[in-house]
Each structure stands twice: as structure tokens, then as C-alpha cells.
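I opened the model to look up a few things and wrote them down as I went.

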Amino acid sequence: MLRLYGKILKTGVLTEKVPRVTPNTSSAVPDVAVGQIGQTLKAVVDRRFRGSLAIRQVDAGSCNGCELEIHALNNVYYDVERFGVHFVASPRHADVLMVTGPVSRHMEAAVKRTWEATANPKWVIAVGDCGACGGEFGVSYASCGAVSNVIPVDLIIPGCPPTPLALLQGLLSLCGRL
Amino acid sequence: MDAFRALLGSERMAFRGLEPSPLPPAACIEIDAGDWGRLAALAKRQGWRWAGVWAEDRGVDLTVNLCLELQGSYLIVRTCLAAGRARLPSQAPHYWAADRPERHIQDLFGIRFEDHPDPRRWTRHQAWAEGIHPLRKDFPLAGLAPGYCPPDRDYPFLKAQGSSVYQIPVGPVHAGIIEPGHFRFQAIGETVLHLEERLGYVHKGIEKLAEGRDPHGLARLAGRVSGDTTCGHAWAACMAMERAAGIEIPLRAAFIRGLLAERERVINHLWDLGALCNDVGFAFGYYQFGRLREQWLRENQAWFGHRLMMDRIVPGGVAVDVCPDDAMKMHRSVVRLREEFSELMTILDANSSLEDRFLGAGILSAEMAQALGALGYVGRASGQTFDVRHDAAYAPYDRIPVKVQVETQGDVASRFWVRYKELRVCLSLLGKLIDGMPDGELTVPWQIPPEGSEGFAAVEGWRGEILCHVRFGAHSSIRRYWPRDPSVINWPALEKLVLGNIVPDFPVCNKSVNGSYSGHDL
């Protein structure tokens with residue numbers, strides 16, 4: 001057990017620091033550090049969502065690449081929970097649905113039902129190039145293509161897959177609009 | 001191979017050896033459709049592993065191809081079905097692994113497998129009607145019935161009867177950041193009496209979408225068969241295309257492909273080790289392995305321009321180079337990870353609560369693993385030694401031998417530790433790949449293959465053996481693409497190993513197998 005605590009101490013805090021926000025850094029531009037986007041995001045989450053933004057992630061047919069990067073938001077470097085953003089297990093608890101993939105036709109009904117199960121007010125983010133426009137898979141006998149072909153979408157975060165930073169920026173721009 | 005030919009001869013089964021093989025390094029024979037089932041019985045008797053089956057619509061007829069493997073030799077058995085006689089004896093009575101792949105062909109090609117023990121639909125839900133077959137050439141990519149696709153309500157799940165037996169339906173939308181699929185448990189109290197998987201929710205029509213693409217387009221698509229295996233599938237597809245076109249890639253490109261694939265193995269195994277810890281509530285492990293994984297993802301971004309290394313393997317070679325400066329950094333990163341392991345594994349090994357949850361959970365016996373043909377870490381945790389890199393080595397592994405790691409208990413602990421042991425091997429392989437990397441070109445120019453030429457490839461992805469078959473039409477356009485992710489073979493293992501465990505142990509059992517839904521559903 002001592003070794004375990006030793007390792008924790010030795011590892012230290014890797015979570016990327018939140019610098020003080022000055023008026024110049026408050027707008028999201030590409031390549032700004034995690035902390036900068038995060039702090040702005042936290043301010044919006046605090047103001048608009050009483051400090052807590054609940055996201056339900058739905059894989060509607062993705063290749064699982066987007067899921068890997070969404071997962072990364074929870075690792076120690078990004079630690080998205082410190083900004084008040086957390087992933088929940090049920091659409092009933094969610095403010096935002098984060099939908100990945102082209103919507104496969106076999107998932108069409110499940111995606112619609114998940115959307116219906118989410119309480120108002122709710123927002124939908126289509127994540128990844130596939131969610132944005134169908135990507136590599138497009139529309140076919142098996143795929144409905146873009147998420148917006150199935151449920152209303154409020155924001156698109158493109159990328160194949162989008163990086164955790166791009167996901168954070170996307171969340172920020174959604175919150176910034178509200 | 002010769003022994004098998006002799007056996008077929010002695011059993012008076014007519015076959016025609018295709019010489020030279022159209023699918024090297026695999027040998028290829030053709031048999032009558034009527035002998036399809038009997039051939040499986042004979043192959044099983046000789047200990048061949050059933051590795052996959054795919055069909056092809058050639059317009060005038062349908063062909064079905066079976067891939068068998070024994071001691072690193074691949075054999076493709078082919079049969080022709082005249083149009084209008086789309087029936088074939090099933091091989092599922094002899095090989096469990098044939099069950100779902102045959103049902104996939106049944107749904108997508110309309111070939112009926114006679115005497116199949118479970119002829120229910122599999123990949124088909126409600127997106128197309130029974131009697132419609134999307135992989136037939138006359139079926140349009142866009143489909144015949146656009147419009148709302150209703151849920152697949154009436155799939156006949158197996159039901160257990162009896163007092164205090166109850167069902168737990170889970171999914172397709174799961175309670176985490178995971179892919180969709182349905183699990184139907186029959187349970188008594190907390191004990192799992194039976195588990196039935198229902199997959200196919202993320203069927204995106206990959207095989208159909210591939211038709212008509214150019215080689216680069218196919219490599220891109222292959223890189224998205226399963227996002228976590230982007231290098232593995234892209235490599236398999238490129239290798240199959242290059243063999244079809246008679247292209248030999250530069251040795252440097254093969255080394256870089258090896259480097260990418262081993263890094264992919266590292267990031268995925270790190271993730272699995274962390275996630276396994278998480279599924280038993282050991283947050284320390286989850287965050288430590290997650291930290292290491294993120295470091296490697298950032299290195300991927302810095303050295304290869306993409307965190308998951310997508311689209312870095314291209315037909316004819318690779319799209320990235322390794323400069324001496326980066327090679328030095330890669331060495332240092334390998335050394336650092338090794339040091340981290342020695343610290344972390346001492347801690348994990350001494351953690352009795354972790355041991356308590358892993359040991360004895362989700363046992364897959366060696367006999368069961370062999371009967372299923374379990375691949376990758378799932379097979380190797382249950383005493384199966386097969387590894388394409390070792391048994392059917394391809395460049396660069398023909399120059400850098402791979403030590404195959406095996407555990408024998410077959411429980412979650414075995415699948416945890418075999419991953420760790422594989423990681424150690426990966427690190428040593430990475431060192432050798434960097435040191436031994438020859439100078440040379442990164443790609444060779446693409447040559448248009450003759451119309452109808454085909455290629456076959458087997459590559460060891462991080463989950464296990466990936467198979468791929470490609471056939472070209474005119475002007476380098478793809479006529480048929482068949483990828484077989486190891487998940488297709490390993491998913492049924494989960495149904496078996498979870499039996500008798502308690503329902504709350506299902507997440508950790510599931511993670512210990514970690515099948516790809518997308519790679520399975522295509």
C-alpha cells in the first residue's frame with residue numbers, strides 16, 4: 001500500500017493547469033491550452049447550468065475512434081469533470097447528447113428513442129466527420145448518414161476523430177451560444 | 001497441407017488444387033458444393049482451425065471461400081454455386097466459429113446453409129427485408145426501401161423457463177461511452193444462467209461501400225472498420241491489395257508499418273489494463289494507465305501527425321517517415337514505459353482486492369478456447385499459442401522474431417497478465433524495429449492489377465488475427481473487400497466464459513475480451 005501512495009505522490013498532478021483568464025484568452029482559438037478553454041467553459045457551465053453539465057454519449061454507428069477520444073476527456077490530463085462537465089449513464093439525466101458515427105439504420109430507432117427520453121431543454125452535439133456528414137460511410141442501405149438526418153443537431157464537432165481539445169472547444173462553443 | 005490432400009483423397013472427396021495459388025501464401029483448392037459440410041468434418045479431424053468464410057457474387061455465379069489454418073499454413077477452400085442454387089451444407093455443426101459468419105452470408109448474399117443449428121437472422125435487423133440481399137451485385141448501395149427503420153422487436157431470443165429465472169435485457173445503448181449492442185441475460189439470483197449476444201447494430205455496409213473504391217479509398221475505409229485497430233485493418237487491406245497487384249513494398253515501409261502496429265498494440269493494451277482496473281473499482285490503475293496511454297497518444301500526434309495513426313498505412317507503403325531525432329525519442333519513450341511498468345506492476349501484483357476480483361472470474365477453458373478458435377489475448381490467456389507474427393510471419397516480423405506470451409488459467413486475471421506480458425514484448429520489438437530500420441523508400445508506385453486479380457492477407461492486429469480478401473475489377477477499382485476482425489471469432493467466447501459468474505462481474509468479463517462491435521458488424 002505504501003508503494004501505491006508513493007507512486008501517487010511521485011506522479012504528482014498532471015492535470016493541465018488553468019491559467020488566469022484575461023480578456024484576450026477568453027475566446028477559443030485553435031491550439032490554446034486545455035486549461036484556457038476549460039476555464040472559459042467552466043464559467044459558462046457555472047452560469048448556465050448551475051455548475052454541472054451532464055452529457056449522455058451515444059454511439060450511433062461509429063467505428064469507435066470517436067469513443068476513444070471522448071474517453072480521453074476523462075483522463076488526468078484533461079480531467080473534464082473539474083469544469084463541471086460529466087458523462088452520465090442515462091439520457092434521463094442528460095442536458096446534452098453527444099452522438100457519434102453515421103447513424104446506422106439499425107440504430108435509427110434507438111437514437112430517436114434516446115433523444116425522446118432526454119428531458120427538455122436538451123442539446124445535441126454530432127461528434128466526428130461521420131456524425132457531421134456521414135464521413136467515410138455516407139448514406140446507404142445500412143446508414144442514415146449525418147446525425148442531423150435523424151434528430152435535430154445543435155452543434156457539430158468535426159474531426160476523424162476530433163481530438164480531446166477539439167471536443168472541449170466544441171463544448172465551449174455550444175455553451176457560449178446559450 | 002499434403003496430409004490434408006491425402007486425407008481428402010482417401011475419403012474420396014473430389015478436389016482441384018489451384019496451382020499456382022491465386023492467394024499466396026495461402027494454398028487454394030476447389031471442391032464441390034455438396035462436399036462443403038463433409039470437408040469441415042475432415043478438417044476438424046486433422047486439427048485445422050476454422051478462421052473465416054466469405055462469399056462473392058461474380059454475376060454468373062456465387063463463390064464461397066473458407067479459410068482454414070494449421071501450424072501457420074493457410075488453406076483457402078473454394079466452391080462455386082450456380083445462380084439459382086444458393087444452398088450449401090453448413091459447417092457450423094463441426095465448427096462453432098462458423099455459426100455467425102454463415103448467418104451473415106445468409107443475410108447478405110441469400111445463401112442458405114443447410115443443417116445449420118441456428119438459422120436465425122444475424123446481421124440483418126429491419127433495414128432490409130427478408131429475401132433481399134445487399135451484397136448481391138444487383139442490389140443498389142442506396143438500398144431499396146429508404147425511410148424509417150423500425151427497431152428489431154421480434155428477434156427470437158432463447159428464453160429460460162422455471163421459477164425464479166428472469167431476463168435482463170441490456171442495450172443497444174449502454175450506460176457508458178461504448179459501442180452499441182444487445183445482451184440478453186437469463187439469470188437466477190445474481191448468477192448468469194445464459195447470455196445471448198445480439199449484434200449488428202452498427203452494421204454500416206462496409207463490404208458494399210468498398211465496391212468501386214480505388215486502393216487509397218479502400219485503405220481509408222479499412223482504417224475505419226474498427227477505429228481502435230486502424231493500423232491493423234489498413235495494413236491487412238493494403239497487404240491484400242499489394243499481393244493482388246504483385247507489388248512488393250520497401251523494407252523500410254514494412255518496418256514503419258510494424259512500428260505503427262506495435263504502437264497501436266501498446267496504446268490499446270494500456271487502455272484495457274486501465275479499464276479492467278476501473279471495472280473492479282480500482283481507480284488508481286485506471287488513471288495511471290490512462291496517463292501512460294495519453295502520453296503515447298500525444299507522441300503519436302507529434303511523430304506521426306495523428307493520435308490514433310489513422311491513414312498512415314497506404315497502398316504501396318506508408319505515409320510517414322521516422323527521422324533519426326524521433327527515433328531517439330521513441331527509444332527514450334520505450335525505456336520510460338518499461339520503468340513505469342516495473343513500478344506499477346509491483347503495486348498491482350501486491351493488491352489483494354484486485355486479485356480477488358480478477359482471479360477465477362470469467363474462465364474460458366483451454367478446450368473451449370480451442371474449440372472456438374479464440375484469437376489474440378483471449379486465446380493466449382487460455383493456452384492457445386497462435387500469433388500470425390510468429391506462426392505465419394510477414395515482413396518485418398520475418399526478420400524480428402516475436403516471443404508469444406501465453407497464460408493458462410483462462411480467467412480475467414490471465415487476460416490481464418497476458419496483455420501485460422505482450423506489452424513487454426511490444427516494447428522490445430519497438431526497440432528492435434527502430435534499431436534495425438533499413439534506409440530506403442517509403443512507398444512504391446501503384447501498379448494497376450489485371451481485372452479479376454485477388455489477394456489474401458493475415459495480419460496480427462492488437463486483438464489477434466485479422467484476415468482480409470480483396471478482388472479488383474477494372475482500373476484498380478475494388479470489386480470485393482472482406483475484412484475479418486478477430487472479434488467475430490472472440491465474441492462467442494464471452495457468452496461461454498460468463499456462465500456461472502455473477503451479473504455484476506459481467507462488465508469486467510466483457511472488458512477482458514473487449515470485442516469490437518464495429519469490426520464485427522461491418
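My entries follow, by topic.

**Conventions.** I worked on a predicted model, in which local features need pLDDT of at least 70, side-chain atom pairs count only at pLDDT 80 or more, and totals for chains, interfaces and linings use all residues. Residues are numbered from 1 along each chain as its sequence is written, and chains are lettered from A and ligands numbered from 1 in the order in which they are written.

**Domains of chain B.** I looked up the domain assignment, whose bounds come from an automatic or database source. It gives domain 1 (2-114), domain 2 (165-198) and domain 3 (211-438 + 453-513). I noted 34 Å between the C-alpha centres of domain 1 and domain 2 of chain B.

**Chain contact.** I took two residues as in contact if their C-beta atoms, placed from the backbone, lie within 7 Å. By that rule, 48 residues of chain B touch 41 residues of chain A. Helices are DSSP runs of H or I with at least four residues, numbered from the N terminus. On the side of chain B that touches chain A, two or more residues each come from α4 (206-210), α5 (215-222), α8 (283-304) and α9 (324-349) of chain B. With five residues, α8(B) gives the most to that side. I sorted the residues of this side of chain B into 26 nonpolar, 12 polar and 10 charged; Ala, Val, Leu, Ile, Met, Phe, Trp, Tyr, Cys and Pro count as nonpolar, Asp, Glu, Lys and Arg as charged, and the others, Gly among them, as polar.

**Cores.** A nonpolar core here is a set of buried Ala, Val, Leu, Ile, Met, Phe, Trp, Tyr and Cys residues joined through C-beta atoms within 7 Å. Buried means 20 or more other C-beta atoms within 10 Å of a residue's own, exposed 12 or fewer, and partly exposed in between. The largest core has 205 residues, and V99(A), A237(B) and A240(B) have the most contacts inside it. Helix α7 (residues 251-279) of chain B supplies its largest share, 15 residues. I also found a second, separate core of five residues, including Y141(A) and W128(B).

**Helix pair.** The axes of α14 (residues 412-435) and α16 (residues 506-513), both of chain B, come within 9 Å and cross at roughly 35 degrees. Axes are lines fitted to C-alpha atoms over the stretch in contact, with angles from 0 to 180 degrees between N-to-C directions. V412(B), R415(B) and F416(B) of α14(B) meet V508(B), C509(B) and S512(B) of α16(B).

**R399(B).** I placed R399(B) in the loop between α13 (388-391) and α14 of chain B. R399(B) is partly exposed because 15 other C-beta atoms lie within 10 Å.
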